[in-house]
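Thank you for making time for this.

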Amino acid sequence: MQKDINEIAQASQATLVQNKNVPILLLSDFPSYGTVALRMASAVLGKLHYDVFSLPTALVSNTLNYGKAEILDTTEYLFHSLSVWKELGFSFSALFIGFVLGETQAEYIYQFAKEEKEKGSYIFFDPIMADHGKLYNGLQKKDIESRKQLMQVADCIFPNKTEACLLADLKTVPDNFNLDEAKELIYYLAQKGAKNICITSMKIDEMPCIFLYEESTKEFHTLPYTERKLNLGGTGDLFSSLFIGKYLQKKNFLSAGEWALQKTNSILDAFQERNHGEKTIPIEEYLPILD
């Protein structure tokens, strides 16, 4: 028994040391109040012992599920920071791109991601722009086009169902897909340059699920989950951050998805037991679940 405990501890310590040597750059919006985007990803990937760099694409007063927010464009700061980091010789094993603000910023991030990919970085992209069948307020068709471009440079994307349909140029967003229709959506995305695909909010044959497509194997994977009656921001950010953390360790697409979903469910279970009406998950309270 003691030998088993020691082996587990040694394996955990080895993972910690390994991850500390893996620098990840996060590019997304930063909320002053609420745990989504950079706040969520930084907390989760930091807990998983990655060397986390983060740059805000925008400062947001609060999460958008409050119905109103003040947004500050940080494009100039982002540009200058990346220039300084280049002079300092910083490099990144992976990039996680989330919300982008405007065409100029999107084009710059695309060029930067393209350069980093040529150096060997793995590019993750969450094309944050829409939900419940429509674009977020303030976004336009040109924002869809900019995200299509970023999708083409990404190694793995995390759209929700609405975003996947918009990126695939579907005219409607079905509430439910059959399996053939879900696979057809993946094919449309692949034709437009997507590679590994993780759709985070599908319903296939009336079953809520995460739908995965792995480019190297051409395999599809369906990960069912139970829908929860929660008006809660950041659950997608939580899942994708967990997925990235596990994938960079194991390089196994399916096991990363299964582990991320299991940990997301565990955190949501704990959150619902003590929920006092928060609109996002106070993730710091639940990070021990990842131990």
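This is a predicted model: local features need pLDDT of at least 70, side-chain atom pairs count only at pLDDT 80 or more; totals for chains, interfaces and linings use all residues.

With which residue does Glu 103 form a salt bridge, and how far apart are the closest N and O atoms? The partner is Lys 142, and the closest N and O atoms are 3.7 Å apart, where a salt bridge is taken to be a side-chain nitrogen of Lys or Arg within 4 Å of a carboxyl oxygen of Asp or Glu. Glu 103 lies in helix α4 (residues 103-118) and Lys 142 in helix α5 (residues 141-153), so the pair ties together parts that are 39 residues apart in sequence.

Residues are numbered from 1 along each chain as its sequence is written, and side-chain values use heavy atoms, with hydrogens and water left out.

On helices and strands, these are DSSP runs (H or I, at least four residues, for helices; E, at least two, for strands), numbered from the N terminus. For accessibility, buried means under 20% relative accessible area, exposed means over 50%, and partly exposed is in between, with a 1.4 Å probe and protein chains only. By that scheme Glu 103 is partly exposed at 48%, and Lys 142 is likewise partly exposed at 39%.

The structure holds 13 salt bridges. Another of them joins Asp 291 to Lys 47, with the closest N and O atoms 2.7 Å apart; this pair links distant parts of the chain, since Asp 291 is in the segment after α9 (253-274) and Lys 47 is in helix α2, 244 residues away. Asp 291 is exposed, with a relative accessible area of 68%, while Lys 47 is partly exposed at 25%.

Within helix α5, Glu 145 forms a salt bridge with Lys 141, the closest N and O atoms being 4.0 Å apart, and because these two residues are four apart in that helix, about one helical turn separates them. Glu 145 is partly exposed at 37%, whereas Lys 141 is exposed at 57%. Both belong to a network of salt bridges that also links Lys 148, Asp 169 and Lys 192.

Turning to the backbone, most residues other than glycine have a negative phi. His 49, however, has a positive phi near 75°, and its place is the loop between α2 (37-47) and β2 (51-60). Asp 205 also has a positive phi, of about 50°, and sits in the loop between β9 (196-204) and β10 (207-214). His 49 is partly exposed at 31%, and Asp 205 is partly exposed at 49%.

The largest cavity holds about 70 Å³ of space, a volume being the space filled by probe spheres set on the points. Its lining has 13 residues, and Ser 28, Ala 37, Ala 41, Phe 96 and Gly 98 lie nearest the centre. At least two lining residues come from each of β1 (23-31), α2, β4 (94-97) and α8 (235-250).

Conventions: On a 1 Å grid over the protein atoms alone, a cavity is a set of points where a 1.4 Å probe fits but cannot get out, and a pocket is an open set with protein on both sides within 12 Å along at least five of seven lines; lining residues have an atom within 4 Å of a point.
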